Amino acid sequence: MLASELMLNRRAFCLSALSAASPAASRHYHVCLSVDALDKNPELLETIRTAGVQTVWLAGFLYGHWYYTPERVAAWAVRIRKMGMTAEVVHVPLGHPGDSLGAQIGEPPLTPPAHWRQGVKADGTRHWGTSLHAPATEENVAAMRRWQGTGIRSVFLDDDFRLATGPGTIGGCHCDSHWASFRQRGGYGESTRNVLLQDLQTRSLTPLVRDWIDFHCSELTNCFRQLAAAQRGVEAGVMVMYLGAEKAGIRLADYRRTPFRVGELMFDDRHFEPVKGKADELFSALFHRRFAAPELSFSETTAFPADRLSSRNMAAKLAVSTLSDVRHTMFMSGLTPFPASHWGTLAPAMHRHAELHRRVAGLRPEGPLKHYWGDWSRMVGRDEPFSLFLALGVPFEVCDDVPREGWTFLSDDDAKGVQKAGGTRLITRRDVAETLPELFAWRRAILRELGTTPYVVEEAPVVCSWLRTARLALIWNLSDEARRLTIRHGDWQRAVETGPLALELVELGDPGKAASRG
């Protein structure tokens, strides 16, 4: 496909995804549903429309199966459009090693058809999904072409578009055919196989491991490009798992101009409620935003199983997108919708975050604490970020490279690869334990060095995002209880009332003027 055609397709995707939003809106709300759910409860469409959803994504092609036929999906798409919403499609191109669909009746099948091939892990065990063999690309291309004439203009490749079985796994298929192709490409001898397996086991970022990862990234990128070019006027977007990166076959730089769903993970109350869970969720979204333009960024606001994430926590998740400047919120819960009663809680929260987002869209957070996720984490890491510094009430900023100032928090994996840094002070878990008591004790020792940087005075779990150029701060209370917090900015300070899990926008005063407002 010509570059000009690709740009037209991307523009078509943006226009279709945003068509229901007002021109001034910076936040757009989406929901993924199955036609089974709509057949069972047609009134759900009115519920979500009233709540503020503008686009409905319908499940279509599922890893080799047309469980939901184009005709059946297109019929519901017509009804959705008549209600003033946009209708688009989600494909599951490769499948998943486990059940991530949550179909209550035990269907559709969880594995691809028998003529597809299984992936092979480094230990020789086999699995379905998240591996790429012929004819998966060819059949997905054919599926994309079947949307011609239905009015569908956007297809998200979902659940997840990757070549690793899960977060923290170094992916790639070790079947004989993949190994032969890798050897031929790199000119390796057969004995190299044992060397590679040892490097992968020890998570060593050797040139051989880099080449193995690059080989699979190229395979997945080539698949994506074929799907994106399959049908003129139908754009493809990618869903990227929690901290998804090159070790999962996702060469992030290849998707910079692609609709991109940032990876999240805390899909139930048990995982989202701890402060560390919220910090990890925010960390992943901030990392992926390094590669995705805000107007092409989508959240993965997921409940799974569908009834395991409470409405209050789902509403709290909206703060992750606002803080990360992710313009599109995608509500998901597999093939089973989350309880309809959730929308009563979500609707006012959606409206409030849309209003907040209008004021902060396009502004970049700045601060002395540095968010950095480097090659060792992306290539061979266990996806265990040192993220809890985000809850210290001190401003942070996201860095593409090791910065030259401030304090840079490193995962255990990046600590192996970043030995020296010019100017910044490196903080690892060996220096400070990743617990709130230890981190707040560390904060006390560096407060005098903050100068006129604004921060939250109380030692409470709070995210403070400083939008310096607009003299604004976003304060996210990570507690389940209301808090009265104090924002200090040089000689200026202000008391701020925050509700449980609430995000507040604070206008900052002149740091050179001593003034206090309750």
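How do H5 and H8 lie relative to each other, roughly parallel or roughly perpendicular? The structure is a predicted model, in which local features need pLDDT of at least 70, side-chain atom pairs count only at pLDDT 80 or more, and totals for chains, interfaces and linings use all residues. Residues are numbered from 1 along each chain as its sequence is written, and side-chain values use heavy atoms, with hydrogens and water left out.

Helix H5 covers residues 136-145, and helix H8 covers residues 207-228. Helices (H or I, at least four residues) and strands (E, at least two) are DSSP runs, numbered from the N terminus. The two helices pack at an angle of about 25°, and their axes are 9 Å apart. Axes are lines fitted to C-alpha atoms, for helices over the stretch in contact; angles run from 0 to 180 degrees between N-to-C directions. H5 and H8 are therefore roughly parallel to each other. Angles under 35 degrees count as roughly parallel, over 145 as roughly antiparallel, 65 to 115 as roughly perpendicular and the rest as oblique. The crossing of H5 and H8 is right-handed. A crossing is right-handed if the near helix is turned clockwise from the far one by less than a right angle, and left-handed if anticlockwise. H5 contributes Thr 137, Asn 140, Val 141 and Met 144 to the contact, while H8 contributes Cys 223, Gln 226 and Leu 227. Contact means heavy atoms within 4.5 Å. Four of these residues are nonpolar, three are polar and none is charged. Here Ala, Val, Leu, Ile, Met, Phe, Trp, Tyr, Cys and Pro count as nonpolar, Asp, Glu, Lys and Arg as charged, and the others, Gly among them, as polar.

On the H11 side, the residues in contact include Met 314, Ala 315 and Leu 318. Among those of H12 are Leu 346, Ala 349 and Met 350. By class, this contact has nine nonpolar, seven polar and one charged residues.

Strands E17, E18 and E21 make up an open sheet, in the order E17-E18-E21, with antiparallel pairing. Strands pair if DSSP finds at least two bridges between them. The edge strands are E17 (462-467) and E21 (503-507), each pairing on one side only. From one strand to the next, the twist averages 20°. E17 and E18 (residues 472-477) are joined in the antiparallel sense over six bridges. Trp 466 stands opposite Ala 473 in E18. H11 packs on this sheet and touches E17, E18 and E21; its direction makes about 155° with that of E18. H12 also packs on the sheet and touches E17, E18 and E21, with its direction at about 35° to that of E21.

Six of the six residues of E17 are buried, so E17 is largely enclosed by the rest of the structure. Buried means under 20% relative accessible area, exposed over 50%, partly exposed in between (1.4 Å probe, protein chains only). Val 462, Cys 464 and Trp 466 point one way from E17, and Val 463, Ser 465 and Leu 467 point the other way. Leu 467 is placed opposite Leu 472 in E18. E17 and E18 form a hairpin with four residues between them, and Arg 471 in the turn has a positive phi of about 55°.

E19 (residues 483-489) and E20 (residues 492-498) pair in the antiparallel sense over seven bridges. Thr 486 has Ala 495 in E20 as its bridge partner.

An open sheet of four strands has parallel pairing and the order E13-E12-E14-E15. E13 (396-398) and E15 (425-427) stand at the edges with a single partner strand each, so one side of each is left without a neighbour in the sheet. The twist averages 30° from one strand to the next. Three bridges join E12 (residues 369-371) to E13. Leu 369 stands opposite Phe 396 in E13. Helix H15 (residues 436-446) lies across E12, E14 and E15, running at about 165° to E14.
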